[in-house]
Amino acid sequence: MLSRTASSLYWLGRYVERADFIARLVEATVRLDVLSPRPAGEVAWGSALAVIDAADAFKASGANLTQQSVARFLTLDTSHPGSIVSCLDRARNNARAVRTALTRDAWTGINRAWLIFDGRSSPGGATATMNLIEAVKAETRGFEGAIHHMLKNQATWFIRLGQAVERADNTARLLDVKYHILLPAGETVGGVVDRDQWTTILQTVSAVTAYRWLYNDGLQPANVIDLLIARHELPRSLAASADETVELLSQLAKRTGHHGEADRMARARHTRIAKTRSADIIVNGLHQYLEAFIEENAKLHFAIGRQFKFS
Amino acid sequence: MAVGPAFDEIMGTAGSRQPRAALAALGDWLDTTDSAELRRRQQSAEATFRQLGITFAVYGDEDASERIIPFDIVPRVFLKDEWDRLSEGLVQRVEAINLFLDDIYGERKILKEGILPNDLIFGNAQFRPEIAGMRPPHGIWAHICGIDLVRTGPDDFFVLEDNARTPSGVSYMLENREAMLRLCPELFRQFRVAAVDSYPDRLLQTMKSVAPEHTGNNPVCVVLTPGHYNSAYYEHSFLADSMGVELVEAADLIVDDDIVWMRTIAGRVKVDVIYRRIDDDFLDPLVFRPDSALGVRGLIAAYAAGNVAIINAPGNGIADDKAIYSYMPEIVRYYTGADAKLPNVQTFRCREPEALQYTLDHLEELVVKLVDGSGGYGMLVGPTASKDEIANFRAALVAEPQRYIAQPTLALSTVPTLVEQGLAPRHVDFRPFVLTGSKGIQVVPGGLTRVALREGSLVVNSSQGGGTKDSFVLMDNGPSQSQAQS
C-alpha cells in the first residue's frame with residue numbers, strides 16, 4: 001500500500017471519529033441544557049467548548065455563549081477546524097484521495113454525511129439541532145458499518161487505527177474537562193446538577209445503560225472513571241482503545257513484516273492500563289493521569305506516522 | 001440556427017414520426033413511457049451520481065467545483081452494421097496514428113517525402129523534440145484513443161477530433177450503462193446490447209501487454225493522477241479501482257537509477273507501466289516544465305532507458321493537434337496505403353492565405369477553433385455568435401491566423417432527449433474508445449454520447465453545459481429473437 005494512501009486512510013478514520021464525537025458532545029450538551037431540572041445553560045456550553053479545547057477560538061469569533069451560537073460553532077462553522085462540518089470535509093477529502101482503497105459503501109457513507117451540511121447555514125433550535133445530530137450519527141454509524149464489511153486488509157486497519165487513536169484522545173478529554181470544570185459555583189458535589197453532568201458524560205460515550213449493567217450502585221464518579229478508563233468491555237474506554245490499537249498494529253506488522261516503535265509504545269501502554277486501578281488514579285490525581293495519557297497518545301500518533309512513512 | 005434539418009439516430013430522417021425500422025421497439029417504448037416516468041428515472045440516476053460523487057470540476061467556475069454532468073435517459077443506438085463499419089474506420093485511423101507518431105519521432109519519412117510541411121511539425125507546440133529518438137516498448141504510442149465523431153446522415157460519419165493524449169469520459173460510458181441497466185431493464189430485454197463492462201479488463205490487458213520486455217510475468221501497473229482536485233479525478237480513481245491497481249500521485253513515485261519506484265508502507269515497489277493522466281508539460285520537470293509540481297523527476301530518463309512504459313506515450317499531442325488533423329486523410333493514406341474509411345470534416349487551415357480569406361468571408365457560417373484549444377474553449381460558432389463575438393474573432397484571426405482552423409457548421413445528428421416540454425431532438429456527438437496493445441487494436445462496443453441540451457445548440461462539451469447519454473451498440477440489426485418469440 002502507498003504510504004500516502006495509508007496516511008489518508010488513517011486521517012479519514014480520525015476525522016470521522018472526531019465528527020461523531022463532536023456530534024455526541026453537542027447532543028449531550030443540548031440534553032443537559034434543556035432537560036435538566038435547572039437548565040445548566042452557559043456552563044454546559046462552556047464546558048462543551050472546553051472538552052475540545054475550543055473555548056478561545058469561540059471567544060475570538062465574538063459570539064455570545066448561547067445554545068444557538070455554540071451549537072452553530074460546533075456543527076456548521078466552516079471557519080472553525082473543529083466543527084463537525086470541517087471534520088467531515090477533511091474526512092471526505094482524504095476519502096477522495098484514496099477512493100480506490102474504499103468500497104462504494106464506505107465512500108457513499110462519508111459523502112452522504114458531508115451532503116447533510118450542503119447549503120445549511122443554521123442548526124436551528126434544540127429540536128432541529130437534535131435532528132441534525134441524529135443525521136450525522138446515522139451516517140457515521142453507516143460508515144462504520146461499511147468499514148466492517150470491507151476486506152479485512154490494510155485499508156480497513158488503517159482507518160480503524162485512526163479511529164482508535166482519536167477515540168482514546170476524545171474520551172480522555174471528555175473525562176478530564178467534565179471532572180474539573182463542570183460544576184457551577186454554589187452547586188454541591190452529589191447534587192442534582194452534578195448527577196446530571198455525570199449522566200451527560202455517559203451519554204456522550206453511549207454508556208448509560210452499560211453503566212447500569214456493570215455497576216449496581218447508583219451514579220458514582222469513581223465508577224464512571226473506572227468505566228471510561230479501565231473497562232475493556234466499553235468500546236470507548238481508554239482500555240478498549242488501547243487494546244484495539246495493539247491489535248491493529250500487530251495485524252499491520254504481520255502483513256508488512258515490520259515491527260516498529262509504534263508497536264512497542266502501544267504494547268507498553270496496553271500493559272500499563274491492564275494494571276491500572278481507578279482508585280489509584282483518583283488518589284494520585286485524575287487530571288495528571290489524563291494529561292499524561294493524552295500526551296502519550298499524541299506521541300503514539302507521531303510514531304505511527306514515522307513507522308509507515310506518512311509524510 | 002442556420003443548419004439544415006438533421007438526421008435523427010432513432011427516428012431516421014429529420015421530422016419523421018416513425019422510428020427507423022430496426023428501432024420500432026424503442027419508438028414504442030418512448031410512446032408508451034410517459035415523460036413523468038422518464039423524468040423520475042432520470043432524476044433517480046442523477047441522485048445516484050451525486051451520491052457516488054461522479055462529478056467533474058468546471059474550471060473558472062466561481063461556486064467551486066463540483067457538478068454532475070446531466071444524464072439523459074434516452075439512449076442513442078448503433079445498428080450492428082453501422083458499428084462494424086465504424087469500427088473498421090476507427091482501427092484504420094488509430095493504426096495510422098501509431099505509425100505516424102513512430103515515424104515523426106523516428107525516421108520522419110513522411111516529412112522527407114514531402115507529404116507534410118516541415119514547419120507544421122517543428123513549429124508546433126505539441127511536438128516534443130525531447131522525445132525524438134525514443135521508442136516506447138513494443139513501438140506503441142497511442143494506447144488509448146478517443147476519436148470524436150459526428151454524423152450527418154445514414155451513412156455519413158465524420159471524425160471531428162482525434163484524442164491521443166489523455167482522452168476522458170470512459171467512466172461515464174460505464175456509469176451511464178449501469179444506470180440504464182438499473183432504471184430501464186426492459187430495453188435490454190428487447191435489444192441485444194453489447195456489454196461495455198469489460199473495458200477495465202481490456203485496459204489492464206493492454207497495459208500489461210506493453211510492459212517493457214524484460215519485465216516479469218506480472219508487471220506492476222499504476223494510474224498516475226494529478227490529484228483529487230483535477231476535473232477528471234473521479235475517472236482516474238474509478239479506473240484504478242476497477243483494474244485493481246494503485247492510483248498514484250507524483251509524490252508517490254521516485255526515480256532512482258532510471259527505475260521508477262512507488263513509496264509504500266513496506267518500502268519501495270518497482271513500477272513497470274504507468275497510465276498517466278497528466279499532460280506532457282507536467283510529466284517530468286527535468287525535461288518539460290521545470291515548475292511542474294505534478295511531475296516525477298527523472299521519469300523520462302527511465303522511459304528512455306526502456307525501464308517503464310508510459311501510456312499514452314509522451315509526445316502524442318502532435319497526433320491530435322488540430323492543424324495536423326486537417327492532414328489526417330493524407331496521413332492515413334501514407335501509412336495504410338488506403339483511403340481513410342472515416343473522412344474528416346472539411347477543414348480550412350487559416351495558416352494558408354486562401355483558406356484564411358475564405359474563413360474571413362464566411363465567419364457567420366463557420367465554426368472556428370483554436371488549434372490548441374479544447375473543451376469548447378476559444379471557439380466561435382458562427383451561426384449563433386453575436387456581432388461583437390464575430391468582430392473579436394475576426395481581429396484575432398487576422399493577428400494570428402496560424403492558431404486557427406475553420407469548419408463548416410454541420411447538421412449534427414439528433415437523438416430524442418428529455419427536456420422540459422417532453423421529448424425533443426437534440427444534437428449529439430460520439431466518442432468511442434480504441435485500445436492498442438502489443439496484441440492488436442480493439443474497439444470497445446460503446447462510447448460516450450454527448451448531447452447539447454439547449455435547443456439548436458451544437459456545443460456538446462460538458463464544460464459548456466452538455467449532457468451525456470448511454471450508447472447502445474446492437475449485436476444484431478433489430479429486436480432480439482427471444483423477444484420476438486415471447
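I began with B:Arg40, which is partly exposed at a relative accessible area of 48%. I use buried for under 20% relative accessible area, exposed for over 50% and partly exposed for in between, with a 1.4 Å probe and protein chains only. B:Glu37 is partly exposed as well, at 25%. I found a salt bridge between B:Arg40 and B:Glu37, with the closest N and O atoms 3.1 Å apart. By salt bridge I mean a side-chain nitrogen of Lys or Arg within 4 Å of a carboxyl oxygen of Asp or Glu. Both residues belong to helix α2 (residues 35-52) of chain B, where they sit three residues apart, about one turn of the helix. I also noted one network, in which salt bridges with shared partners join A:Glu17, A:Asp20, A:Arg24, A:Glu144, A:Arg167 and A:Arg236.

For provenance, I record that this is a predicted model, in which local features need pLDDT of at least 70 and side-chain atom pairs count only at pLDDT 80 or more, while totals for chains, interfaces and linings use all residues. Residues are numbered from 1 along each chain as its sequence is written, chains are lettered from A and ligands numbered from 1 in the order in which they are written, and side-chain values use heavy atoms, without hydrogens and water.

Next I turned to chain A. A:Arg173 pairs with A:Asp169 in a salt bridge, the closest N and O atoms being 2.9 Å apart. The two are separated by about one helical turn because they lie four residues apart in helix α8 (residues 154-181) of chain A. I take helices as DSSP runs of H or I with at least four residues, and strands as runs of E with at least two, numbered from the N terminus. A:Arg173 is partly exposed at 25%, whereas A:Asp169 is buried at 10%.

A:Asp226 and A:Arg231 also form a salt bridge, at 4.0 Å from N to O. Here A:Asp226 is buried at 15% and A:Arg231 is partly exposed at 21%.

Finally, I asked which strands of chain B supply at least two residues each to the lining of the largest cavity. They are β1 (71-78), β2 (144-153) and β16 (422-431). A cavity is a set of points, on a 1 Å grid over the protein atoms alone, where a 1.4 Å probe fits but cannot get out; lining residues have an atom within 4 Å of a point. Among the lining residues I listed B:Arg76, B:Phe157 and B:Asp429.

Key
On a 1 Å grid over the protein atoms alone, a cavity is a set of points where a 1.4 Å probe fits but cannot get out, and a pocket is an open set with protein on both sides within 12 Å along at least five of seven lines; lining residues have an atom within 4 Å of a point.
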